[in-house]
Amino acid sequence: MDTRVPLLSVESLGVEFRTRGGIVHALEDISFSVGKGETVGIVGESGSGQSVLFYAVLGILDAAGRITGGRAVFGGLDLVRASAPELEEIRGREAAMIFQNPRVALNPIRKVGHQIEDVLARHTSTPSADLRRRAIEALASVRIPDPERRYHAYPFELSGGLCQRIMIAIALACTPSLLVADEPTTGLDVTTQAAVMDLIGELARQRNMATVLITHDLGLAAEHCDRIVVMHAGHVVETAPTAELFAHPRHPYTARLIATTPHAGSDLRSLAAIPGYLPDLRRSDLPACRFSERCERAEPACGERPLARLDAGGVHSVACRSPL
Amino acid sequence: MTELAGLRHVRYVLADNPVTAGAFALFGFFVLLALFGPWLAPFDPLATSPDKVLQPPSAAHWFGTDQLGRDILSRVIVATGLDFGMALAAVLLSFGLGCALGACAGYYGGWIDRSVSRLADTIMAFPLFVLAMAIVAALGNSVENIIYATAIINLPFYIRVARSEVNVRRNAGFVEAARLSGNTEARILAFHLFPNILPPVMVQISLNMGWAILNAAGLSFIGLGVRPPQPEWGIMVAEGASYMISGEWWVSFFPGMVLMLAVFCFNLLGDGLRDMIDPRRRT
Amino acid sequence: MIDDTQPLLQVEQVRKLFPLKTAGSLVPLRAARRTALLHAVDGVDLSIGRGESVGLVGESGCGKSTLVRLITRTLDPTEGSIRFRGEDIGGIPASRFARVPQRKLIQMVFQDPTDSLNPRYTARDTIAEPLRLLGNLSGTALSDRIEAIAALVQMPRELLGRFPHQLSGGQKARVGIARAVALEPSLLILDEPTAALDVSVQAVILHLLADLREKLGMSYLFVSHDLNIVRLLCDRVMVMYLGRIVESGPARQVFEAPRHPYTRALLSAIPGLGGEASRRIRLEGDPTSPVDPDPGRCRFHGRCPKGQDACTRSSPSLVQMAPGHAVACHFPESA
């Protein structure tokens, strides 16, 4: 058993969105934890609520969204009940997030060096004389070649991979203890993706920083994460150490997801699709297990009674009535 | 199915935004006046009666009478058709020409783009109302020429909207796909790109209508274009202006008020249309 | 007439150079005022046999999109020949290609199903267009054909009246495929057809594409950056780097025993389900600029883990290493 006190521990978190089409039950009863220095992958099809989960945890939910309950304890502070200034302090200094499409996240008309300085000036007590040096150090730390020159570059002058490195530099400028990377390499080339992921992994190890990798790419999660949380339609369906998850998936959805991902050994025949679609989360009659309508092992009870969360030995847990 | 969803969206926007709904109602009312004005007007707008000169608003003459004893309400109502007609003709003219020029400029680029854009810049470089005055003065004093003048000064707006909307889409996947489906360049422009630039252009049309009405009325106000005794808002305001100081405010107040309402209505309508067709508000 | 012994498509030494706009100085400088040229495709040979499925792999900016546009004939090559069923089509200007008989035989499935469908066209309109313009169908013959094709791509009939924003990603992908196969082309180019889709839908679309090829006897040119997916559908693979083919060969061989260091790096960069990939090859630095590249040096030099002095002195050309397996490298890996 893992007895360490986790860095982030989310318990029974629920989120819903009010929209014109009705209430979207985006997240329900989400529980998981991230240990210090651990790399956790959050995987699932797009629309499963992985991003919303961290928007909720870090307090940057859309105005239409509302946390319906639960706790998210980060370093002793419950982020769900924290005040806006407290959250802002946490976001700037303790927990940083990087996003898909770095070019959009960067200010297009400000030199990247200045953008790093902005963050340093706001969240650290760096004397202004040192800002420039620290910014160049930050650029060098993400292995941007020729940092003195790139300090003066505008985002449009840099490739997608370099922009993502700049984003990482900004995110890590205040040495946070948690980095949330939301699809950080989508849209990058495979070789660039590999380099960016290596960089994140290496910096995390150096600084003993916990990393959450939100991705739809099982392969990426397999390669870079210690533990994987599988989400489906706003539920956590399975949590397990990476090797264990791929060797013995217990939830039918996890097994399906693995079977549908092409990998080095697969051929077209073995590539099986997941039947059906994610359920419409606006429905008022969502089944208790939101996968039950796509699941070949479903029994009538799956749709009716609340999910049983099985402890499948040690740190492997699965939310299924009849696991594999 | 799709029409239904569209209608539902329209209903939602209207319910969500009562101001827009009001603008639409007002627009409908104006259209009614424009189409059926001559039948709706209580009196003959041209009939003078020397015994009822400059009477203030009363139960018989709601808006009062003018210096020739004509019923101002009837004149305002009948003028709607002319003012709307002129504005609509001018706007449609600049829409047709402006979209064609702008779309070609945005699609083909190169020298077509350069010459069309310079044309638009040149027109914009003039004070637009003065330019319209000059055009009418040069072409001759008639309703058609007011329409041409109004169309010309509105041209740059359509050119710019059409050019930029086509320009952002000309490398879209669906354009390349259309090429592979056997479309020639001209067909792509007409059947693939044009339908896509219509929504923003519709907003432009609505905003422009108010402006065109104001422009046509303005030209008439300074004595160009429409000639008395033809009822027209601009002329009516001009005719009543001299009576303002002597206390007969209603002669120019009511036509001016209606003119203002019409312009206001189109501006609100434009904002409402923008909300309605903005895909980000459609989910 | 048409020579059946010829490959379906034969591209020889095709090049496409784009002149770059020189940044505006008002006074033209007298000296060295030559416009820079971007070498997007720089001397590519490729051939696709009848019924064959060829993969084209490379990263963004390597020129594969340009090469595709040259083959679909929506872009004119600067040099080189493109022969389709023995006839030269490279010389027909792209602006006229919509009206030649070969148009219906070379079709394409686009990368982003959202971007490649006209938002104002229903699925039916989109599928109907090539049938009307190139197939000369109308009336009931047209609507019968549309429904037959919808059935072929497993698209429910009731979705035909919908606009793209009312369709899911997988359904949009089907519409795009239906449009491309409507005229039963002999060459279908697939430009990352699953890149914008969720994994769960990706598998379905890949199966559909494999079925269609069998049913309609098409040749595929499958463009992707993901070797794992290319391998599923292709007999032969070509790897492109900065405008050139650096390795080409049977899919299995290229995948299992890549000879070019770039191919090896590409393969090792793909995350696999096996967890930590052993002995990863990481590329350092940025690719050389494709603007006026030095013709006398290997373009991969600088990022290449094996690069030596010889690589800066001459640019390697494709050399046959084994039957059907060619590599452009001075120091290829041994098999």
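## Asp78(A)

Asp78(A) is buried, with a relative accessible area of 15%; buried means under 20% relative accessible area, exposed over 50% and partly exposed in between, with a 1.4 Å probe and protein chains only. This is a predicted model, in which local features need pLDDT of at least 70 and side-chain atom pairs count only at pLDDT 80 or more, while totals for chains, interfaces and linings use all residues. Residues are numbered from 1 along each chain as its sequence is written, chains are lettered from A and ligands numbered from 1 in the order in which they are written, and side-chain values use heavy atoms, with hydrogens and water left out.

Asp78(A) lies in strand β5 of chain A, residues 77-78. Helices (H or I, at least four residues) and strands (E, at least two) are DSSP runs, numbered from the N terminus. The Asp78(A) side chain makes a polar contact with the side chain of Arg81(A) at 2.4 Å, and also reaches the backbone nitrogen of Val80(A) at 3.1 Å. A polar contact is a pair of N or O atoms within 3.5 Å; within protein, one must be able to donate a hydrogen and the other to accept it, and residues adjacent in sequence count only if both atoms are side-chain atoms. Leaving aside residues up to four places away in sequence, Asp78(A) touches Arg71(A), Ala72(A) and Val73(A), where contact means heavy atoms within 4.5 Å.

## Interface of chains B and C

On the chain B side, 19 residues are in contact with 26 residues of chain C. The area buried between the two chains is about 2,000 Å², and carbon and sulfur atoms give 57% of it. Buried area is the accessible area (1.4 Å probe) that two parts lose on being put together, summed over both.

The rule finds two salt bridges across this interface, each a side-chain nitrogen of Lys or Arg within 4 Å of a carboxyl oxygen of Asp or Glu. One of them joins Arg187(B) to Glu129(C), at 3.7 Å from N to O. Ten residue pairs are in polar contact between chain B and chain C, both at pLDDT 80 or more. Helices α7 (173-180) and α8 (185-221) of chain B each supply at least two residues of the side that touches chain C, and α7(B) gives the most, with seven residues.

## Cysteines

There are zero disulfides over all chains, a disulfide being a pair of cysteine sulfur atoms within 2.5 Å. The closest cysteine sulfur to that of Cys329(C) is in Cys304(C), 5.9 Å away, so it is too far for a bond. Cys329(C) is buried, at 19% relative accessible area. Cys265(B) is also buried, with a value of 0%.
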